[in-house]
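Welcome to this short tour. Keep your viewer open and select each stop as you reach it.

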Amino acid sequence: MSLPQKYIIAAFAMMVPLLLSDGAYSEKIAPEVDIKVINPDRGPGGDCGVRWASIISRNSLYEWGRGRGLFLVPDTLPAVDNYAGMIHRYGTRIAFEGLNPSKSYYLHADFVQWRVEAGTKPPEILRISSVENGVSALMAEVRFSDLAPGDSFCIAVPYRFTVKGRIDLLFRETGARPGVWGMWDIILSESEKKPETIPESERKKGRFIFK
């Protein structure tokens, strides 16, 4: 073997461990997306401490809506348990804790949605506010006409509301006949894109079916 060939082989042998260790290092530092889930499941581990007007199964919701000319849009992935929490007449308050104060978050709400064959969708409006020290700040007003069937509703949460590592959200209906707003689940994530799966730590909260 010539001298140049020896140098080439030696140099390659030195590079292989570096390449392997670089790949392992990259894998170790891959960031994990922070995701929190609230699910109004009636079963063990469900978020039953939240004040819902009621927790209703998909079949019961379907029958309720059909009698009013409304046709239910099914629960959607990534978390499906076919139970929905209906918004309380005095508002439903939900707290997310354990947030990273250095991160910004997006709210993905999988609302109960309805299709109509004739007429218009219910006119009631849902107001979403952040509450701190008894003072509420409006974040969004949602109408059924704003929702695309099968898609979750997403808004960016202002950083000032999560900088303390938690956020208290108030969902409240306005309108002549409240009682049509509910949600299958609600996800707080640092990603604007709706999560495709749920972390293992959040899977213990209810009877989810995961994508």
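Strands (E, at least two residues) and helices (H or I, at least four) are DSSP runs, numbered from the N terminus. This is a predicted model, in which local features need pLDDT of at least 70 and side-chain atom pairs count only at pLDDT 80 or more, while totals for chains, interfaces and linings use all residues. Residues are numbered from 1 along each chain as its sequence is written, and side-chain values use heavy atoms, with hydrogens and water left out.

**Stop 1: strand S7**

Select residues 105-111, which form strand S7. Six of the seven residues of S7 are buried, where buried means under 20% relative accessible area, exposed over 50%, and partly exposed in between (1.4 Å probe, protein chains only). Two strands pair if DSSP finds at least two bridges between them. Look for alanine 109, which stands opposite phenylalanine 153 in S11.

**Stop 2: the nonpolar cores**

A nonpolar core is a set of buried Ala, Val, Leu, Ile, Met, Phe, Trp, Tyr and Cys residues joined through side-chain atoms within 4.5 Å. Which residues have the most contacts inside the largest nonpolar core? Select Ile94, Phe96, Leu107, Phe111, Phe171, Trp181 and Ile186 to see them, in a core of 38 residues. Another core, of five residues, lies apart from it, and Ile35, Val37, Ile187 and Ile198 are among its members.

**Stop 3**

Select serine 130 in strand S9 (residues 125-132). Is serine 130 buried or exposed? Serine 130 counts as buried because its relative accessibility is 6%. Leaving aside neighbours within four places in sequence, serine 130 is in contact (heavy atoms within 4.5 Å) with residues including Val135, Met139, Phe161 and Leu169.

Then move to asparagine 133, in the loop between S9 and strand S10 (135-142). Asparagine 133 counts as exposed because its relative accessibility is 73%. Its phi is near 55 degrees, a positive value in a residue other than glycine.

**Stop 4: a cis peptide bond**

Most residues other than glycine have a negative phi, and most peptide bonds are trans. Select leucine 77 and proline 78: the peptide bond from leucine 77 to proline 78 is cis, with omega near 15 degrees. Proline 78 sits in the loop between strand S3 (70-73) and strand S4 (79-80).

**Stop 5: the pockets**

On a 1 Å grid over the protein atoms alone, a pocket is an open set of points where a 1.4 Å probe fits, with protein on both sides within 12 Å along at least five of seven lines; lining residues have an atom within 4 Å of a point. The largest pocket has 15 lining residues, and Arg68, Leu70, Pro122, Arg177 and Val180 lie nearest its centre.

For the second largest pocket, select Ile87, Arg89, Glu173, Pro178 and Gly179, the closest to its centre of the 15 residues that line it. Strand S2 (52-57), helix H2 (58-66), strand S5 (83-87) and strand S12 (166-174) each give two or more residues to this lining. Which element gives the largest share of the lining of the second largest pocket? That is S2, with three residues.
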